[in-house]
Amino acid sequence: SENLGVFYLGSEIDPQDGSQSPQPLLYDSKDLTTHAVCVGMTGSGKTGLCISLLEEAALDGIPALVVDPKGDIANLLLAFPDLAPADFEPWVDPADAARKGLSVPEHAARTAGTWRKGLADWGQDGERIRRFRDSVDIAVYTPGSEAGLPLSVMKSLAPPAGGASDAAATRERIVGVVAGLLGLLGIDADPLKSREHILLSSILGAAWSEGRALDLPALIAAIQKPGFDKVGVFDLETFYPAKERLGLAMAINNLLASPGFGTWLAGEALDIQRLLHTPGGKPRISIISIAHLSDPERMFVVTLLLNELVAWMRAQPGTSSLRALFYMDEIFGYFPPTAMPPSKLPMLTLLKQARAYGLGMVLATQNPVDLDYKGLSNAGTWFIGRLQTERDKERVLEGLEGAAAGAGKGFGRADMDKIIAGLGNRAFLVNNVHEDRPEVFETRWALSYLAGPLTRNQIKRLTDPIKQTAA
């Protein structure tokens, strides 16, 4: 299980009687280049499984870029090699201690003992935690907030690496960036019908064709004086009069002038290579925490991040091995079956093309109904935990059937239905198109302490020492 390229995820379970086998569930990391989907209701163990997956990748020196909408994945920073009660004490819940009639130090000591025993039951110890922490640099970024490490997502609207030579890729990037920006302004814009979308796309296209990056002040000036006289066959004033363009420029200016917007411009630039590796070349797990943001702000950040990831991917040489991971903890709302939010196009591009570049996508949700399973038929591995409703189960079975058809395999729907219906907590069905048959397994004990979603104050406590060291 410690061999390079092998992820130790748990132990196999007999699907007939639920008995645990001594046989470990080992997963080939290269299979993640065909992407993975993880579904399961709250309490199914989905977060623990995905954190274990990221831990195994880190032990193999594989970096990861993580979007964390709830604050759970920051638990990766709570990995304590000494397993000392004092390490756990700041993170245990005082209310939980009170319910059990314990003081906080007593509760921390009991938690440390539980973690030590849980690791030992799965053949792990503090030394494995130490190797995990030594293998990777972990950082939590909070765009739009000073709680974690600042991340500048709006310092510039730069053309893709290599210029605008790939016309299709440049168009995709422009559509995503403009849709995200207009969403942040509260403008629901259709790329083919919205004057705002068409104007901003034309401005970006003209600048990028000359190799110029725009910042927000330059974009505001370009809206008032775009530098071109026609849009399509209409002259600019007929298409979008100057008086009405002023309203759009004013909306962006108000965004720029708002008191809290300065945090969006502070910190490291949104550079995928820096998010995946330190300047010294050490692999990183970069967690983009968006729990504190509004829905439009979340969509804006995720869209920009995905577009940057597409641009970075296309600049890499091809490979058949796993080069990096992208993990999103909850894709509900970002990849729906019918609607076309700005996040969906770059995500589809990554699912279809990332395999050739060694980039693995791992997408998780507890809401299976609101997923585009036609798009997810590109995923070769499905981790399925306990589901809440029959409707959820039917949607997951549809997705499995599509993935099996795409791999040219038969699909035993009735057998899958029966297995999924019998899953308990921390039990998952894994269906991997690279394997001969699906398997049921129980997830291993996580190396990181699973304290639950971390608040902004808790993230600040974890990242303040990193900020001081950087300063």
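Colleague: Leaving aside its neighbours within four places in sequence, which residues is lysine 467 in contact with?

Modeller: In this predicted model, where residues are numbered from 1 along each chain as its sequence is written, local features need pLDDT of at least 70 and side-chain atom pairs count only at pLDDT 80 or more, while totals for chains, interfaces and linings use all residues. Side-chain values use heavy atoms, with hydrogens and water left out. Lysine 467 is in contact, meaning heavy atoms within 4.5 Å, with Glu146, Ala147, Gly148 and Leu149. Lysine 467 and glycine 148 are 319 residues apart in sequence, yet 8.7 Å apart in space from C-alpha to C-alpha.

Colleague: Why does lysine 467 count as partly exposed?

Modeller: Buried means under 20% relative accessible area and exposed means over 50%, with partly exposed in between (1.4 Å probe, protein chains only). Lysine 467 has 24% relative accessibility, and therefore counts as partly exposed. Its place is in helix α16 (residues 456-470), helices (H or I, at least four residues) and strands (E, at least two) being DSSP runs numbered from the N terminus.

Colleague: What makes α8 roughly antiparallel to α10?

Modeller: Helix α8 (residues 216-224) and helix α10 (residues 242-257) pack at an angle of about 170 degrees, with their axes 8 Å apart. Angles under 35 degrees count as roughly parallel, over 145 as roughly antiparallel, 65 to 115 as roughly perpendicular and the rest as oblique, so α8 is roughly antiparallel to α10. The axes are lines fitted to C-alpha atoms, for helices over the stretch in contact, and the angles run from 0 to 180 degrees between N-to-C directions.

Colleague: In the largest nonpolar core, which residues touch the most other members?

Modeller: Such a core is a set of buried Ala, Val, Leu, Ile, Met, Phe, Trp, Tyr and Cys residues joined through side-chain atoms within 4.5 Å. Of the 90 residues in the largest one, Leu219 and Phe326 touch the most other members, and helix α12 (residues 295-314) supplies the largest share, eleven residues. Apart from this core lies another, of 57 residues, among them Cys38 and Leu78.

Colleague: How do you know that the radius of gyration of the chain agrees with that of a compact globule?

Modeller: The radius is taken over C-alpha atoms, and the globule rule is 2.2 Å times the number of residues to the power 0.38. With 471 residues, a compact globule would have a radius near 23 Å; the chain has 24 Å, which agrees.
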